[in-house]
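The following exercises are to be worked through with the sequence and the structure at hand. Each task is followed by a solution in steps.

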Amino acid sequence: MANDRSRHNPDFWIKAFRVAGFVMLAVVAARLVKVQVIDGGVYGKRAQRQHTIRHKIPAKRGNIYDRNGRLLASSMGVETVWFYKPHVEPSRIGEAAAVFARILGGSADEYFRKIVNGPKYVRVARHIDNETAEALREANLRGVNITQEPLRYYPNNSVAAQLLGFCDPDGVGLEGLEKQFDRYLAGEDGYSVIVQDALNKPISTCEDAPRRTTSGIRPCSHH
């Protein structure tokens, strides 16, 4: 009978709710300590991976001069087209592929497969001319980013071609002086970091990391 009376007593229920509330707060506090203190480093690294994009910025390859200071090999900036899939709804990728085919040439199906099967950040085309790049900018496609990367060129065309050698499309020396002095000419790539929210929308872009380029080499002259 005493127990029945206590259960109908308002003070009993007030105390019971207080105890339950303290227990819930203790559980939540313990969970917060585990997440923020014990496992904080793990979750912090995971959040950084999910909310930041690190994009490489190729360094400009150093110049090559003759003994009189005349330019023999240099690099110029050309446009490269990237597509970031998380910024675009999957149902809109087909529309983007059609625009790429119209402006860049080629098949929309090929661009579609390249985007769908590629990584989050897909390189759609490289070394395009300024007119084509401007047409893509005017199309204002979501997820498209146009950057510059260096392309090797030789002002004197084939003059001393066997001595100078050549580079691959990524700017790596394969023959001649380009290969022999590749570690001096290559420079060091930089990068940019884009911060995005939980919906993959860009929040800000951090400053580009410093990058180093060489001043070029001059072949020795023999008298």
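The protein chain holds nine helices and seven strands; helices (H or I, at least four residues) and strands (E, at least two) are DSSP runs, numbered from the N terminus. This is a predicted model, in which local features need pLDDT of at least 70 and side-chain atom pairs count only at pLDDT 80 or more, while totals for chains, interfaces and linings use all residues. Residues are numbered from 1 along each chain as its sequence is written, and side-chain values use heavy atoms, with hydrogens and water left out.

**Exercise 1.** Determine which strands pair with strand 3, and in which sense.

*Solution.* 
Step 1. Two strands pair if DSSP finds at least two bridges between them.
Step 2. Strand 2 (residues 64–65) runs antiparallel to strand 3 and is joined to it by two bridges; here Ile64 lies opposite Ala73. The two strands form a hairpin with five residues between them, and Gly69 in the turn has a positive phi of about 85 degrees.
Step 3. Strand 5 pairs with strand 3 over ten bridges, again in the antiparallel sense. One of the facing residues is Met76, whose bridge partner in strand 5 is Leu151.
Step 4. Buried means under 20% relative accessible area, exposed over 50%, and partly exposed in between (1.4 Å probe, protein chains only). Eleven of the 14 residues of strand 3 are buried, so this strand is largely enclosed by the rest of the structure.

**Exercise 2.** Describe helix 4 and what its buried residues pack against.

*Solution.* 
Step 1. Helix 4 (residues 93–104) has twelve residues and spans 16 Å from its first C-alpha to its last, close to the expected 16 Å. The expected span is 1.5 Å times one less than the number of residues.
Step 2. Its buried residues are Ile93, Ala96, Ala97, Val99, Phe100, Ala101 and Ile103.
Step 3. These residues pack against strand 3 (71–84), helix 5 (108–117), strand 4 (121–128), helix 6 (130–139) and strand 5 (144–153), where contact means heavy atoms within 4.5 Å.
Step 4. Just after the helix, Gly105 takes a positive phi of about 90 degrees.

**Exercise 3.** Identify which element gives the most to the largest nonpolar core.

*Solution.* 
Step 1. A nonpolar core is a set of buried Ala, Val, Leu, Ile, Met, Phe, Trp, Tyr and Cys residues joined through side-chain atoms within 4.5 Å.
Step 2. The largest core has 18 residues, and those touching the most other members are Val81, Phe83, Phe100, Tyr111, Val124, Ile128 and Leu136.
Step 3. Helix 4 gives the most to this core, with seven residues.
Step 4. Apart from this core lies another, of eight residues, including Leu72 and Cys167.

**Exercise 4.** Classify the aromatic pair of Trp82 and Tyr121.

*Solution.* 
Step 1. Rings of Phe, Tyr and Trp (its six-membered ring) pair if their centres lie within 6.5 Å; planes under 30 degrees apart count as stacked, over 60 as edge-to-face and the rest as tilted. The count by this rule is five aromatic pairs.
Step 2. Trp82 and Tyr121 are 5.3 Å apart centre to centre, with 15 degrees between the planes, and the pair is stacked.
Step 3. Trp82 lies in strand 3 and Tyr121 in strand 4, so the pair ties together parts 39 residues apart in sequence.
Step 4. Trp82 is buried at 15% relative accessible area, and Tyr121 is buried at 17%.
Step 5. Trp82, Tyr84 and Tyr121 form one aromatic cluster.
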